[in-house]
Amino acid sequence: MKTLRDVAVGADATAVKIHGEGPVKRRIMDMGITKGVNIHVRKVAPLGDPIEVTVRGYELSIRKEDAASIEVK
């Protein structure tokens, strides 16, 4: 299983499934990351957290822990 955390800087990925439960999953979906959406990884902070991505035309910073719960292809 490949997650958003594994995607290289400058690469695109498509969300397949969001793992997790309750408020964490809800928060990720509220940010616009849903099944089938295209995600472009813009950059990663020097220590690896957070990851900056472009989703649905806007920029979003997501924690490494949350990125690991987003399965992509």
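This is a predicted model: local features need pLDDT of at least 70, side-chain atom pairs count only at pLDDT 80 or more; totals for chains, interfaces and linings use all residues.

Numbering starts from 1 along each chain as its sequence is written, and side-chain values use heavy atoms, with hydrogens and water left out.

Now take β3 (residues 51-55) with β4: they pair antiparallel over five bridges. Strands here are DSSP runs of E, at least two residues, numbered from the N terminus, and two of them pair if DSSP finds at least two bridges between them.

Next, pick β1 (residues 12-18). Three bridges tie β1 to the antiparallel β2 (residues 38-44), with Thr-14 facing Asn-38 in β2. Another three bridges join β1 to β5, also antiparallel; there, Lys-17 has Glu-71 as its bridge partner.

Zoom out, and five strands make an open antiparallel sheet in the order β4-β3-β2-β1-β5. β4 (58-62) and β5 (70-72) each have a single partner strand, so one side of each lacks a neighbour in the sheet.

Last stop: the largest nonpolar core, with 19 residues. Such a core is a set of buried (under 20% relative accessible area, 1.4 Å probe, protein chains only) Ala, Val, Leu, Ile, Met, Phe, Trp, Tyr and Cys residues joined through side-chain atoms within 4.5 Å. Residues with the most contacts inside it include Leu-4, Ile-39 and Ile-70. Each of β1, β2, β3, β4 and β5 supplies at least two of the core's residues.

Note on methods:
Helices (H or I, at least four residues) and strands (E, at least two) are DSSP runs, numbered from the N terminus. Buried means under 20% relative accessible area, exposed over 50%, partly exposed in between (1.4 Å probe, protein chains only).
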